[in-house]
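Subject: Structure handover

Hello,

Please find the structure below, with notes on what was found in it.

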Amino acid sequence: MSSLTVGTRAPPTYHPVTTQLSTAVRAGLPLLNCLELIGKHGLPTDPLNYCIWYEYASEKNEALNTAINKHIDNNGAFSQEINLQLYNQYIASESESVTNLVREGLKKVFSEVIGAIKTTNQHFSSSEGQLESINASIVPSLSEAELENIVKQIKLEIKHLESTNGSFKDQLQQAAHEIDELKSKMAQYREESLKDPLTQIDNRRGFEKKLKEAIGRAGTDKTSLCLIIADIDFFKKVNDTHGHLVGDNVLRMVAATIKNSIKGKDLVARMGGEEFAILLPDTPFDGAMKLADDIRLAFEGLDLKKKSTGESLGKITLSFGVAIFKASEAIEDFVNRADKALYQSKNTGRNRVTGQ
């Protein structure tokens, strides 16, 4: 992945492309510059790219613009991975829902459709007013159900416009197609926002979401819920001795090994760095302790070597902390008890399992 560092160059100016939008509509929106930038860099017109480049064209996010300009100065290409990094680092917040991407995508479609209506000789005051009203309802923090309802309203209005005047048919069908694509992209980006790109298991955000769901089910079903937090021992030494590429491969191997050790509703997530969490619904405390020790023994018996040279990486061991959820316990307290147990394992020699 290319590094994105801070620079000082001002954002470049691009000349707007010619479209059907009127001058009055174009004057107030960075939409055209956004679309031109997406085309200039050979990117697909999807919610993620629209969100990033609309923000860039608006010149309201100095950190994002600086990072993009520096990346361009270094002749960096804009891949899906780079774009996700830009979004997560400079736009997304911990509490932001991926539905915001779809909301911005819908606004793009509205700008084009309403602009086209305003530049014709036909009078569509009723449809224009209805679309403007729907557009005004696309606000931050919409739920998925509300978005679904808005999409239905848009499609109904587009069908009405199609039947009113045939000259708009192709354009309106394209708008309807874009809306359908936005719906399908929603699930894709929601899933990607919850995954760790290196190990392809859940990230901290995905873990926290599923932890809340698991606690809710455990309370409803009156079943046990256990949490294991694991940490690779002396991982910094691996990076310092063999380099970060080898370190990344170790992280992938650890994630894959843990994932292959669990089953059913169990979940493994990378919490950050070399720390992993294992969520075990409907699992008693003794069962969680045994699983942690089985995983520990599996790593203890490995003899890892570099593929390129056959050089031994030495022993890779993990320390574990285990906790069982207590009724009415705060989520933070549950996680902290598992974390506390992990550090007890670390402080008493590593390569061991401690329960709370």
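Which residues in α3 meet which residues in α4? Ile52, Trp53, Glu55 and Tyr56 in α3 meet Leu64, Asn65, Ile68 and Asn69 in α4, where contact means heavy atoms within 4.5 Å. By class, this contact has 5 nonpolar, 2 polar and 1 charged residues. Here Ala, Val, Leu, Ile, Met, Phe, Trp, Tyr, Cys and Pro count as nonpolar, Asp, Glu, Lys and Arg as charged, and the others, Gly among them, as polar.

Before the rest, two remarks on the source. This is a predicted model, in which local features need pLDDT of at least 70 and side-chain atom pairs count only at pLDDT 80 or more, while totals for chains, interfaces and linings use all residues. Residues are numbered from 1 along each chain as its sequence is written, and side-chain values use heavy atoms, with hydrogens and water left out.

The helix pair

Helices (H or I, at least four residues) and strands (E, at least two) are DSSP runs, numbered from the N terminus. The axes of α3 and α4 come within 9 Å and cross at roughly 100 degrees. That makes α3 roughly perpendicular to α4 (65 to 115 degrees; under 35 is roughly parallel, over 145 roughly antiparallel, the rest oblique). Axes are lines fitted to C-alpha atoms, for helices over the stretch in contact, and angles run from 0 to 180 degrees between N-to-C directions.

Helix α4 (residues 62-73) has 12 residues and spans 16 Å from its first C-alpha to its last, close to the 16 Å expected at 1.5 Å a residue; the expected span is 1.5 Å times one less than the number of residues. Leu64, Asn65, Thr66, Ala67, Ile68, Asn69 and His71 of α4 are buried, that is, under 20% relative accessible area, with exposed over 50% and partly exposed in between (1.4 Å probe, protein chains only). The buried residues of α4 pack against α3 (47-58) and α5 (80-90).

Positive phi values

Most residues other than glycine have a negative phi. Glu59, in the loop between α3 and α4, has a positive phi near 55 degrees, and counts as exposed at 53% relative accessibility. Just after α4, Asn75 takes a positive phi of about 60 degrees. Lys222 lies in the loop between α10 (204-221) and β1; its phi is positive, near 55 degrees, and at 73% relative accessibility Lys222 counts as exposed.

The sheet

An open sheet is formed by 5 strands in the order β2-β3-β1-β6-β7, with mixed pairing; two strands pair if DSSP finds at least two bridges between them. β2 (267-272) and β7 (353-355) are the edge strands, each with a single partner, so one side of each has no neighbour in the sheet. On average, neighbouring strands are turned by 20 degrees against each other, direction ignored. β2 and β3 (residues 275-281) run antiparallel and are joined by 5 bridges; in β3, Phe276 is the bridge partner of Arg270.

Two helices pack on this sheet. Helix α12 (residues 244-261) touches β1 (225-232), β2, β3 and β6 (318-324), and its direction makes about 10 degrees with that of β3. Helix α13 (residues 285-300) touches β1, β3, β6 and β7, and its direction makes about 170 degrees with that of β6.

A buried arginine

Arg337 sits in helix α14 (residues 331-347) and counts as buried, at 12% relative accessibility. Neighbours within four places in sequence aside, Arg337 is in contact with Ala323, Ile324, Phe325, Lys326, Glu329 and Gln356.

Regards
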